[in-house]
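Subject: Structure handover

Hi,

Here is the structure for you to look at. My notes follow below it.

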Amino acid sequence: MTMPATTDPVAERDTAHAFACEGLFVEYDTKRGPLRVLEDVTFTCKQGEFVSILGPSGTGKTTLLRILAGLLTPGAGSSVQFQGAELTGPNPGVAIVFQNYAASLLQWRTVERNVALGLEGRVGKDERNARVQEALELVGLADRRHDYPWQLSGGMQQRVQIARALVMRPAVLLMDEPFGALDAMTKSQLQDELLRVRALTGTTVVFVTHDIDEAVYLSDRVFVLSGKPARVSTELGVELPQPRSQVTTKEDPEYLRIRHEVYSALRTGDGH
Amino acid sequence: MTASSRTRGVLLGLIVPAAIIVIWQLAKSLGALPYDNVPSPFQIVRSYGALIADGELARNLGHTLLACLGGWALGSAIGIALGVGLGVSRAAWNYSMASVEVLRAIPAIAFVPIAVIIFTQTLQMEISIATWVAIWPVTVSTMNGVASVSSEHHDVARSLRLSWLERVTKLALPTAMPKLLVALRLSLSGALVLAIVAEIVGNPAGIGYALVSAQQALRPDEMFAYILLTGVIGLVLNGLLSLVYRYAAPGVTARMEGATGGA
């Protein structure tokens, strides 16, 4: 295939976008031949933006997020750029929070040592302690630092994972259905904490979920993935006032309108 | 467990051995034991006194402990290295698994005659045998543990860009730790057994040879004294190891000692 003639790579660097994907596709090898799960996904995420990727289970949302995390290589010819440069693997500017907090945490390490994992050997001890302390305070777990993950509730374990990501001071935080396994009350509490942390740190967030309310409530923009193979069927801007509130935002007619629109997009997407 | 219930447990556990000793002593004193060469508990205690007084017991104990612990330490180190290599590298696994299976199936005691030829009647010979027996449980459990690092942890390691060495020390070895701790106990008792066996059939030194010479001198009281001593060594070494585990791997042991999952 032909590549566009490159001029000056620095001048070309697209720094307004955290992520820009073009013509992205993914195929898995199965016994019955290659199975395409993502097709021609084109998607951008601006610096500082909160973007949700919404879709029914099994549409390839997690696959897309794993590509952004550099954990999975997309099909040949796909373009995935992070801050204007082609993404070739896990990038220090990108941190990921996995869905299964219990499996992702190191159960034999205390909370603070879980959070410190990515800093060990990279920054000095004093800086490491200060950053771990800061991250734990951000998620409200400073007083549980010496506990083991299995001594914490599910919501707290997920906070530890968020702290482990934040301590790396990432430009982008990727989150894979992070609150999917939590009860409704813990879920809304963590949603608000996430918005607060994001406002404090200015981190870009790419958030995968199958929960329509969650996507609309949290995001600046929502991408709906649907079809088989999945593509971005709808892109919606969410212009709701900040800071958001579980009560007033969800009563806002604009919120209801967007919610309706997302819902319709998912229904038509299913019809393919 | 509270302190008083722990004391109670120890006291209850002492009832049976105390009863056995009393019955044994009575049977011997009353002439009810048909075997002349079974000493009475009192004779055993007396021979302990003599063996301690002339320094014989301490010297033999020191020698056997050196062979056992030396072989165990060496074997465990080799086993961990081998296990990490086999667990991490698919190629190493493919090339070596057949050899590992054959080698660890050979009873360690079969190597004593050849070890005597190679190392002659020396402490090195004993250590080499104890090492050999310690290697395999540690190798196999380390290998299994290292290979069972979850896909989630692999993802975490990759996204945090941990180096190869960090993955081994921070993920693979802690994952292997519960199995490894069990294997280290197994190889410690194996090393003790083989050190004594090597002394009985190979190197004339230590507790093993003391047993043989007491037999030849027709001193069953001394034999019993040494036999009971080996039991005490095993018990003490195991207890020390548990203590080390508690401090060295608190996360693992706390979890093994009955954590009941998340709140």
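Two residues count as in contact if their C-beta atoms, placed from the backbone, lie within 7 Å. By that rule, 23 residues of chain A are in contact with 19 residues of chain B. Three elements of chain A each supply at least two residues of the side that touches chain B: strand 6 (94-97), helix 3 (101-104) and helix 6 (154-166). By class, that side of chain A has 14 nonpolar, 8 polar and 1 charged residues.

Please keep in mind that this is a predicted model.

Confidence
The mean pLDDT of chain A is 85. In that chain, 93% of residues reach 70 or more. Confidence is highest in helix 4 (residues 111-116) of chain A, at 94. Confidence is lowest in helix 1 (residues 9-12) of chain A, at a mean of 48. Over residues 1-11 of chain A, the pLDDT is below 50. Beyond near neighbours in sequence, that stretch has 2 contacts in the model.

The open sheet
Chain A has an open sheet of 4 strands. The order is 2-1-4-5, and the pairing is antiparallel. Strand 2 (33-46) and strand 5 (85-86) of chain A are the edges, each pairing on one side only. Inside the sheet, strand 1 (residues 17-30) and strand 4 (residues 79-82) of chain A pair over 4 bridges. One bridge links A:Glu22 to A:Ser79 in strand 4 of chain A. Helix 2 (residues 61-68) of chain A lies across strand 1, strand 2 and strand 4 of chain A. Helix 2 runs at about 65° to strand 2 of chain A.

The hairpin
Strand 9 (residues 221-226) and strand 10 (residues 231-237) of chain A are antiparallel, with 6 bridges between them. A:Val222 has A:Leu236 in strand 10 of chain A as its bridge partner. The two strands form a hairpin with 4 residues between them. In the turn, A:Gly227 has a positive phi of about 95°.

A residue in helix 6
A:Gly155 lies in helix 6 of chain A. Is A:Gly155 buried, exposed or partly exposed? A:Gly155 has 18 other C-beta atoms within 10 Å, so A:Gly155 is partly exposed. The cut-off for buried is 20 or more, and for exposed 12 or fewer. Leaving aside neighbours within four places in sequence, A:Gly155 is in contact with A:Leu182, A:Thr186 and A:Leu190. A:Leu65 is 90 residues from A:Gly155 along the chain, and their C-alpha atoms are separated by 22 Å.

Best wishes

Technical notes: Residues numbered from 1 in each chain as written. Chains lettered and ligands numbered in written order. Predicted model: local features only at pLDDT ≥ 70, side-chain atom pairs only at ≥ 80, totals over all residues. Pairing = 2+ DSSP bridges. Axes fitted to C-alpha atoms, helices over the stretch in contact; angles between N-to-C directions. pLDDT = per-residue confidence, 0-100. Nonpolar A, V, L, I, M, F, W, Y, C, P; charged D, E, K, R; others polar.
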